[in-house]
Amino acid sequence: MAFFEHNEGSIHYLERGRGEPLLLIHGLGSSGADWGLQVPCLERRCRLIVPDLPGSGHSEPLREGYSVEGMAAALWALCDHLGVPRVHVVGFSLGGAVALEMALQRPEQVSKLGLINSLATYRLDHWSKWLEAALTLVLIPIIGMRRAAQLAARRLFPMPWQESLRVRAAAAVSAVPVDRYLCTGRALLKWSAVERLERLRAKALVIAAENDFTPLEEKRALAARLGADFMMVRGSRHGTPFDSARATNEALLAFLNDQPLPPAERWRYDEAEHCGLLPFAGSIAEEHGFSLAKRALRGAGTVVDSGVVAT
């Protein structure tokens with residue numbers, strides 16, 4: 001494990017691979033372990049920097065409180081510490097907001113920007129955003145983190161062959177302290193980059209799930225405004241890096257190598273024959289603190305064996 005001390009707190013991160021620096025930023029309620037299905041592919045091409053966002057995983061919250069702007073500034077401090085003057089940045093969900101904020105804070109230092117199921121604002125200007133915010137901010141205090149995580153996992157991964165994805169998502173989110181989850185979610189709802197998008201200099205890629213929980217057309221419009229490549233993954237829900245690992249990895253490699261995106265017939269989610277057991281045990285996820293989820297579930301009386309969590 002590596003830790004970077006920042007403003008009297010610490011940021012946990014991993015480095016893998018060699019080549020051009022690529023920062024991978026995870027989503028809400030998780031850690032850098034979210035990239036466990038992308039790292040084996042991307043580390044052959046890039047020097048990967050995979051942090052836990054402040055207040056997530058092993059990283060401590062920012063002393064000044066929770067904000068997307070503060071998270072982005074903290075990751076820039078990490079890049080400075082690692083001697084990375086220019087970087088590619090890819091973010092998923094909340095991580096996409098942080099990635100976009102990074103690219104707007106230092107436009108000349110982000111070469112390529114990848115956004116997966118992310119928006120330029122999460123302010124409540126659409127009913128689906130309101131619904132997701134209500135689920136986050138209202139439901140969790142009522143039913144508790146563990147039950148909310150199980151419900152969210154079933155929404156994300158409803159297919160029978162996605163059981164390993166469902167189990168892992170429920171375990172990971174269940175381990176997050178409630179106050180950290182809610183504070184991070186509220187910070188996301190306050191953030192917007194809509195009025196600053198003209199500052200962006202990076203080449204961009206927007207990947208959007210056909211069945212994401214926030215508006216598809218808003219992501220399409222964001223891609224058009226950024227002059228970005230756009231890929232809609234058919235059948236995918238919000239967890240595209242998980243339920244559509246093949247399409248995600250192929251698109252990211254093509255983007256990083258300045259090649260055309262894969263043919264449109266490959267823009268689809270992973271079906272049963274391609275969705276086997278996840279390689280989290282002994283992988284980046286183990287190193288990144290998936291043990292936190294296992295410890296939490298042990299405390300709740302759940303059986304945990306060799307990195308596979310059973311509920």
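Entry 1. I note at the outset that the model is predicted.

Entry 2. I looked up the largest cavity and recorded a volume of about 60 Å³. I listed its lining as H6, N7, G9, S10, I11, P54, E60, P61, L62 and R63. By class, I counted four nonpolar, four polar and two charged residues in the lining of the largest cavity.

Entry 3. I turned to the second largest cavity, for which the volume is about 40 Å³. Its lining consists of L28, G29, S30, G55, S56, G57, V176, R180, Y181 and T184. I sorted these residues into three nonpolar, six polar and one charged.

Entry 4. I checked the length of helix α10, which comprises residues 245-256. At 1.5 Å a residue, its twelve residues should span 16 Å, and I found the end C-alpha atoms 16 Å apart, so the two values agree.

Entry 5. I asked how many of the twelve residues of α10 are buried. The count is nine, and I therefore describe the helix as mostly covered, with buried meaning under 20% relative accessible area. The buried residues are A245, A247, T248, N249, A251, L252, A254, F255 and L256.

Entry 6. I inspected the backbone just after α10 and recorded a positive phi of about 55° at D258.

How values were computed. Residues are numbered from 1 along each chain as its sequence is written. This is a predicted model: local features need pLDDT of at least 70, side-chain atom pairs count only at pLDDT 80 or more; totals for chains, interfaces and linings use all residues. Side-chain values use heavy atoms; hydrogens and water are left out. On a 1 Å grid over the protein atoms alone, a cavity is a set of points where a 1.4 Å probe fits but cannot get out, and a pocket is an open set with protein on both sides within 12 Å along at least five of seven lines; lining residues have an atom within 4 Å of a point. Grid points are joined across faces, edges and corners, and a volume is the space filled by probe spheres set on the points. Ala, Val, Leu, Ile, Met, Phe, Trp, Tyr, Cys and Pro count as nonpolar, Asp, Glu, Lys and Arg as charged, and the others, Gly among them, as polar. Helices (H or I, at least four residues) and strands (E, at least two) are DSSP runs, numbered from the N terminus. The expected span of a helix is 1.5 Å times one less than its number of residues. Buried means under 20% relative accessible area, exposed over 50%, partly exposed in between (1.4 Å probe, protein chains only).
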